[in-house]
Amino acid sequence: MENELINKYIDYLKYERKLSDNTIASYSNDLKDFETFFNNNIKNLEYKDIQKYLDSIQELNTRSIAHHITVINSLYNFLLDEKIIEENPCTNIASPKLPKKLPNFLTEEEVNKLLDVRLITPFNYRNKAMLEILYGTGLRITELINLKLTDIDINNCFIRVFGKGKKERIVPLSDISIKYLEIYINQYRNTILKDKISDYLFISNAGTNITRQGFFKIIKQECNKCGIEKNVSPHVLRHSFATHLLKHGADLRIIQELLGHEDISTTQIYAHLVNEKLKEDYQNHPRNKIGENYEEN
């Protein structure tokens, strides 16, 4: 991008906010369209100018339009903080209302089926350890595959995780996760490595760390073996972890900390999910509806 103000903002996101490469690319794409529309003159825009731009992208879906508004508003808030402008032209711009999209999750019964890996080969033990940790900690897939041996503290039952923006957090390990992690490390990891050397915890048959695509394939294979027909991704296990914790009484703030969410509002979707499930279960209660067994007193 040619605009100096936007470049300064992108540097701020990259080096101070330490946002992920994907997020920065997404912001950059939206801002490229924005600066092109105004022929690079974005410093002195007014409310009517922003509205004119938004009118020009109405063919996009609601979520994309909302993202554009968020990105542009964030840009001008940054310029305001830097005292480059005196007023944010997006102040009175209303973002379109997005439909609530509840995350998919597995039932506890389905999780138990998925984690019941048949243990025969070294790769079975590796897969078992990975699945136990993923469900037992709620890690993101990128966090899981980037774990190194030095991030594991088995004696104190925790792992050190570097999440979005390279932010470090400490996540406790369950007894069952530790059990299969120790078996994998002590008995099978070197077998999979063969004569190669790696600092990464989970190793592929090529002797390198597992890729995102590789782990997606592992989950799909295990789902096929145990008869789960849902479209299960690593993130579905993360949603399952949070949903089941909340269902069993865990505090929302604790779940926020474990998941590495900056904002509690991101975590609150799980409260809504549990409430919807409770509502659904209640509707299915045999005494909930007045039917043929109803007797008026």
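Which residue takes a positive phi in the hairpin of E2 and E3? In this predicted model, the residue is Gly 165, with a phi near 70°, and the hairpin has five residues between its strands. The paragraphs below begin with the protein as a whole, turn to its helices and aromatic rings, and then return to the strands.

The secondary structure of the protein consists of 13 helices and three strands. Of its 297 residues, 42% are buried. Among contacts with a separation of 6 or more, 58% are made by residues 24 or more positions apart. The accessible surface amounts to about 18300 Å², and carbon and sulfur atoms account for 46% of that surface.

Helix H2 covers residues 21-37, which makes 17 residues. From its first C-alpha to its last, H2 reaches 24 Å, close to the 24 Å expected at 1.5 Å a residue. Its buried residues are Ile 24, Tyr 27, Ser 28, Asp 30, Leu 31, Phe 34 and Glu 35. After H2 comes Asn 39, whose phi is positive, near 50°.

Phe 34, Phe 37, Phe 38, Tyr 53 and Tyr 76 form one aromatic cluster. In the protein, the count of aromatic pairs comes to 11. In one of them, the ring centres of Phe 34 and Phe 38 lie 5.2 Å apart and the planes meet at 75°, so this pair is edge-to-face. Phe 34 counts as buried because its relative accessibility is 0%, and Phe 38 is also buried, at 13%. Phe 37 and Tyr 53 make another edge-to-face pair, with ring centres 5.3 Å apart and planes at 70°. Because Phe 37 lies in helix H2 and Tyr 53 in helix H3, this pair ties together parts that are 16 residues apart in sequence. Phe 37 is partly exposed, with a relative accessible area of 34%, whereas Tyr 53 is buried, at 1%.

Since 13 of its 16 residues are buried, H6 is largely enclosed by the rest of the structure. Gly 138 follows H6 and has a positive phi, near 75°.

The strands complete the picture. E1 (residues 152-153) runs antiparallel to E2, to which two bridges join it. These two strands form a hairpin with four residues between them, and Cys 157 in the turn has a positive phi of about 60°. E2 (residues 158-162) also pairs with E3 (residues 168-172), in the antiparallel sense and over five bridges. Ile 159 in E2 stands opposite Ile 152, and its bridge partner in E3 is Val 171.

Methods: Residues are numbered from 1 along each chain as its sequence is written. This is a predicted model: local features need pLDDT of at least 70, side-chain atom pairs count only at pLDDT 80 or more; totals for chains, interfaces and linings use all residues. Side-chain values use heavy atoms; hydrogens and water are left out. The expected span of a helix is 1.5 Å times one less than its number of residues. Buried means under 20% relative accessible area, exposed over 50%, partly exposed in between (1.4 Å probe, protein chains only). Rings of Phe, Tyr and Trp (its six-membered ring) pair if their centres lie within 6.5 Å; planes under 30 degrees apart count as stacked, over 60 as edge-to-face and the rest as tilted. Contact means heavy atoms within 4.5 Å. Accessible areas come from the Shrake-Rupley method with a 1.4 Å probe; for residues, only the protein chains shown count as cover. Two strands pair if DSSP finds at least two bridges between them.
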